[in-house]
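Open the structure in your viewer and keep the selection tool at hand.

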Amino acid sequence: MASTEPLLSVRGLNAYYGGSHIIQDVELDVAPGECVALLGRNGAGKSTLMKSLLDAGPRVVGEVRFDGEDLAGIPIDMRTKRGLVLVPEDRRIYPNITVAENIELGRHAARPGSVIASDELYDLFPLLKPLKQRAGYQLSGGQQQIVAVARGLMGAPRLLLLDEPVEGLAPVVVDEMAAHITRIRETRDLALLIAEQNLSFARRVSDRVILIDSGRIVFDGNWEDFDADPQLKERYLAV
Amino acid sequence: MLYDIGLTVFNGLAWAMATFLVAAGLTLIFGILHILNFAHGGFFMIGAYVSYSLMTGMGGSLPLWLYLVGAMLAGLVVGLLGWAVDALVFRRLRDVEDAYSLIATYALLLVCGGAVQLIWGLNYLGVTPPPALNSVVFVGNVFMPTFTIFIILCGVLAYIGLELFISRTQLGQLIRVVAADPWMAQLLGLNVKRIYLITVIFSFAMAGVAGALLMPNQSLSPELGGIFLLQAFGVVIVGGMGSIRGAFLGALLLGLIESFGTYFFPQYPGIFFLLALAIILLVKPEGIMGKEQTA
């Protein structure tokens with residue numbers, strides 16, 4: 001655990017959909033600049049946990065602090081504007097506006113003084129340059145995912161939450177995404193929390209790993225510790 | 001024969017554009033907030049009454065510009081009522097089933113009728129159009145009241161203005177984005193509540209302006225809201241719920257059908273609109289434009 005004050009600090013977090021208790025007593029910290037992988041099987045609660053951090057869906061009980069501030073009662077858009085930005089699993093690119101317009105929309109989340117110039121963003125994602133004028137519905141899944149990440153970055157996040165950014169993507173696109181994330185980390189001062197099932201991808205981009213199973217955190221540590229216990233992989237990630 | 005066709009088309013256009021002026025705000029609220037606002041006719045009626053009070057307060061027959069200023073003021077008043085309705089009613093309807101919206105907005109319609117009775121009474125009221133619009137023009141043999149021409153022009157201008165606003169302005173784009181996926185819009189830092197509020201104020205203001213513009217041609221009574229509401233709903237349904245373009249085309253289609261129907265069967269006025277509505281719903285239940293493309 002980094003010695004600095006955590007950027008994100010979660011204590012006693014429980015989340016419910018109707019009567020279903022999905023997230024159970026979760027505690028986790030993310031330090032500034034850190035990249036944490038959140039691993040777990042389908043249905044383990046990764047997406048629900050991410051949405052809970054923004055109060056964007058499930059009913060949430062517990063404490064979420066961001067940069068020392070308790071986020072209770074703060075609505076989604078204001079959490080986003082504080083620098084806590086979620087790129088959801090289903091990407092949600094607006095189909096009937098262009099790639100450039102989709103990406104511009106991300107700017108609404110940016111705090112004054114922390115805006116990313118469009119040029120800088122397209123330099124980070126050169127693949128997007130020729131696609132700027134293409135409509136959202138004309139993109140492949142991989143392109144949509146890259147647009148979604150770029151749009152999230154446009155909000156100048158301090159903690160970017162990526163929900164399964166390489167799900168369903170071809171291996172070559174997964175490699176591209178890993179390269180993008182590495183470059184983002186080199187050029188921008190931000191922390192990342194990445195929900196994943198793709199172990200090799202998660203390993204390439206993250207410093208630390210959190211395992212979640214049935215809504216509970218069952219492991220939180222570095223990759224060496226994770227590798228030292230082969231049972232973890234078998235018990236919580238094997239399909 | 002040519003004379004008859006000209007007159008019938010003119011009457012159809014008059015029906016269509018008067019109805020479109022009412023339907024525009026109705027379809028906008030449905031398209032963006034997914035609330036079927038039964039009270040829309042009520043607020044249209046309040047716009048008409050407010051404009052009546054302004055016009056009679058200023059001495060009755062007013063110059064055109066004052067009549068237009070009065071319409072804008074009526075729009076402002078009804079727009080502000082929209083603010084109150086959003087805060088008190090619509091905001092609570094966002095996460096509940098449609099049936100609650102129907103009941104709540106129908107109740108609001110009743111409240112509008114009651115308020116009008118309390119403030120303006122039950123008597124039929126009326127004013128004449130401004131003198132500049134109180135004449136007739138002959139195009140060939142066809143006799144066209146200038147006030148009706150004015151209403152047709154208002155309908156066309158309202159349509160063009162709305163299309164440009166929604167497709168070309170930044171606020172229009174944000175409204176489309178929120179309509180398409182409000183959850184994602186929030187994740188992008190958009191204040192969805194505020195965009196809903198702007199939409200409601202704007203739609204209500206349009207209802208108020210429509211009431212004020214159409215008022216000189218109407219006998220004002222507390223039933224006025226219901227009459228226009230039925231036509232406007234027909235147009236919105238035929239056009240495709242939530243589509244501005246659909247409402248415009250639906251208004252033209254139903255207006256012409258009603259007008260030609262009444263021409264051929266003058267003993268059955270008003271029935272062709274309902275007949276056409278029923279047939280179109282059977283053949284193309286999603287409406288002419290189907291679901292409006294948002295963002």
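One cavity of 30 Å³ or more is present in the structure, a cavity being a set of points, on a 1 Å grid over the protein atoms alone, where a 1.4 Å probe fits but cannot get out. The largest cavity holds about 50 Å³, a volume being the space filled by probe spheres set on the points. This is a predicted model, in which local features need pLDDT of at least 70 and side-chain atom pairs pLDDT 80 or more, while totals for chains, interfaces and linings use all residues. Residues are numbered from 1 along each chain as its sequence is written, and chains are lettered from A in the order in which they are written.

Select the lining next (residues with an atom within 4 Å of a point): it includes Val85(A), Arg91(A), Arg151(A), Gly152(A), Met184(B) and Leu188(B). Strand E6 (84-87) and helix H5 (141-154) of chain A, and helix H7 (182-187) of chain B, each supply at least two lining residues; helices (H or I, at least four residues) and strands (E, at least two) are DSSP runs.

Now show the open sheet of chain A, whose six strands run in the order E6-E7-E8-E3-E9-E10 with mixed pairing, where strands pair if DSSP finds at least two bridges between them. Its edge strands are E6 and E10 (216-222). Within it, E3 (residues 35-39) and E9 (residues 208-213) pair in the parallel sense over four bridges, and Leu39(A) has Leu211(A) as its bridge partner. Finally, select H5(A), which packs on the sheet and touches E6 and E7 (159-163), contact meaning heavy atoms within 4.5 Å.

Conventions. Heavy atoms only, no water. 1 Å grid on protein atoms, 1.4 Å probe; cavity = no way out; pocket = protein on both sides within 12 Å on 5 of 7 lines; lining within 4 Å. Axes fitted to C-alpha atoms, helices over the stretch in contact; angles between N-to-C directions.
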